[in-house]
Amino acid sequence: MVDDTRIVTIGGGTGSSTILKGLKKYFKDITAIVTVADDGGSSGMLRDDLGVIPPGDIRACLISLANTEKSMERLMKYRFKEGNLKGQSFGNLFLVAMADIYKDFILGIQETSNILAITGKVLPVTLDNIKLFAELENGEIIEGESNITALNLEDENSSRINRVFISPKYAKPLNEVVHEIYNSDVILIGPGSLYTSVIPNLLISEISEALTNTKAKICFILNVVNQSTETFDYKVTDHLNAIYKHCEGIKIDTIVVNNEIIPEDVDIKYKRKSASQLLLSDEEREYLKKLKIRVLEDSLISKSSGYSRHNEDKLARLILENF
């Protein structure tokens, strides 16, 4: 049975693509709102060369929602290994080509969605060419998403992120994105890199306003582990407070937290001192209780990926059972 609850996800990167894989099994009305602040890798190259919004996170979400032959998914994920296109993603090139054919990036996404027979839809948060900046606690300004993700907060001489902001400051959101936020039943923020995948979406003033005024239930899904680049040694409440700081007035009803210790054979990619798990403390539970935020805890770690990531099926079923 497929639930007809109207679901909106907000994020980008691996976090969004992971949760969407699970959600499409249980929900038919899914809208993925995706950040377009990426300026590195193959997406950054296309952004610089062709002046398009970076397609990488959009491509990843489309693949996650696809209901097509595995060969097509493999094709969309394929990266060239040699020549001038070395490192470039075929899926990114495909999306840019479709946008050029239809002379409209959104139409290009829609036509690609039809080819992949996706469940739901994928929308960039804005079509503006935005750039992400981070202000560190020592006052230093870091320009560009790729430079922010290159920060090493394990270094004792490094400074933490105080806030992030975008240029242009008053970027215009896609009208359909605002419409979906107001007309959804449940909004899922995260999982994903806090300052480079999740929060950039909230920095657009009309998106922040919609999240403040929507009647939808808002659920914040915490990552399984912290990142040395952005959230070194953060607690659950540090993540939550960062959301509040960048989106004043947002009413988060529920948070989802993994409560399982990562098995030794699973923690491969994040095997660093800084990769502290986001496990909720008793003190934090009391704090969240005072804020009247519902806490959903479960064993949510994927045992098969080789990485400290969510089990997309368990995560989706948790959403299905509680909303």
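I note here that the model is predicted.

Next I asked which elements of domain 1 give two or more residues to the side that touches domain 2. They are α1 (13-23) and β2 (27-34). Of the elements on this side, α1 gives the most, with five residues. I also sorted the side of domain 1 that touches domain 2 by class, and I found five nonpolar, five polar and three charged residues.

I went back to check how the chain is divided. Domain 1 consists of two stretches, 1-35 and 173-322, while domain 2 covers 40-119. I recorded a distance of 25 Å between the C-alpha centres of the two domains.

How many residues of each domain are in contact with the other? I found 13 in domain 1 and ten in domain 2.

My last entry concerns area. The size of an interface is often expressed as the accessible area that is lost when the parts come together. For domain 1 and domain 2, the buried area is about 1,000 Å², and carbon and sulfur atoms account for 65% of it. Within domain 1, I identified Leu20, Lys24 and Val34 as the residues that lose the most area to domain 2; together they make up 43% of what that side buries.

Methods. Residues numbered from 1 in each chain as written. Predicted model: local features only at pLDDT ≥ 70, side-chain atom pairs only at ≥ 80, totals over all residues. Heavy atoms only, no water. Domains from an automatic or database assignment. Contact = heavy atoms within 4.5 Å. Buried area = accessible area lost by both parts, 1.4 Å probe. Helix = DSSP H or I, 4+ residues; strand = E, 2+ residues; numbered from the N terminus. Nonpolar A, V, L, I, M, F, W, Y, C, P; charged D, E, K, R; others polar.
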